[in-house]
Amino acid sequence: MDKVKGFVFPNAAAGEDDGVAWWMKYAAKAAGILGGIMAMLFGVFVGLSPFPTCIIAGIWQICAGFIMIVVEAPFCCSFIDYVRQFSDLIETRPPWQKTVLYVVLSLPPLFLCIGLFSLIGSAMLIGTGILYGMQVVGKKASRTEMSNAARGDTEPDEKNIMDDGDWQTNP
């Protein structure tokens, strides 16, 4: 399993625990690879349109899919020299920056040429961004913590000065 982890996550430290479940990391990586391939495929279909803005949107979507493949699966593009350096740079970034990158990359095709193929291709990119965004949110609280919070059994974080009448004695 360590060989697979080292192959899929080349910059991951051996004992690093960032609070994200292992399956969530693999799901985001797989969605990124699949989303990049699908974005490039649908980008070709968008680019076959006779409208100039749709051609630009198709080219943008192909480039966005290629960037996603380079980031998520650098082993697919190992014949390009700078791919490993770029992938290592992006892999060291926090997940929220990948979320922003993927969502921003997916928006221009939607604005330039709204259609079924541009919508599906951009949805694949946005879906991967959402998976990375879920990693930013982190783990859910335990069942007891959630039930205590729902009942109101928790200690307040701040003391209300109005409750004690302290505000009248110390104006």
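This is a predicted model: local features need pLDDT of at least 70, side-chain atom pairs count only at pLDDT 80 or more; totals for chains, interfaces and linings use all residues.
Close-up 1. Residues are numbered from 1 along each chain as its sequence is written, and side-chain values use heavy atoms, with hydrogens and water left out. C113 pairs up with C54 in a disulfide (cysteine sulfur atoms within 2.5 Å), with 2.0 Å between the two sulfurs. The structure holds one such link. It ties together distant parts of the chain, 59 residues apart: C54 sits in helix α3 (residues 52-72), C113 in the loop between α5 (95-112) and α6 (116-137). Helices here are DSSP runs of H or I, at least four residues, numbered from the N terminus. The C54 and C113 link is right-handed, with 80° about the S-S bond. C54 is buried as well, at 8% relative accessibility.

**Close-up 2. Another cysteine, C63.** What is the relative accessible area of C63? The value is 42%, so C63 counts as partly exposed.

**Close-up 3. Where α3 meets α6.** The two helices pack at an angle of about 30°, their axes 11 Å apart. Axes are lines fitted to C-alpha atoms over the stretch in contact, and angles run from 0 to 180 degrees between N-to-C directions. That angle makes α3 roughly parallel to α6 (under 35 degrees; over 145 is roughly antiparallel, 65 to 115 roughly perpendicular, the rest oblique). From α3, the contact (heavy atoms within 4.5 Å) is made by Q61, A64, M68 and E72. On the α6 side, look for F117, S118, G121, S122, L125, T128 and Y132.

**Close-up 4. S106 in helix α5.** S106 belongs to α5, and its relative accessibility is 0%, so S106 is buried. Skip the neighbours within four places in sequence, and S106 is in contact with S122, L125 and I126. A57 is 49 residues from S106 in sequence, with 10.0 Å between their C-alpha atoms.

**Close-up 5. Helix α2, end to end.** Buried residues of α2 include M24, A28, G32, G35, A39, F42 and V46.

Notes: Buried means under 20% relative accessible area, exposed over 50%, partly exposed in between (1.4 Å probe, protein chains only).
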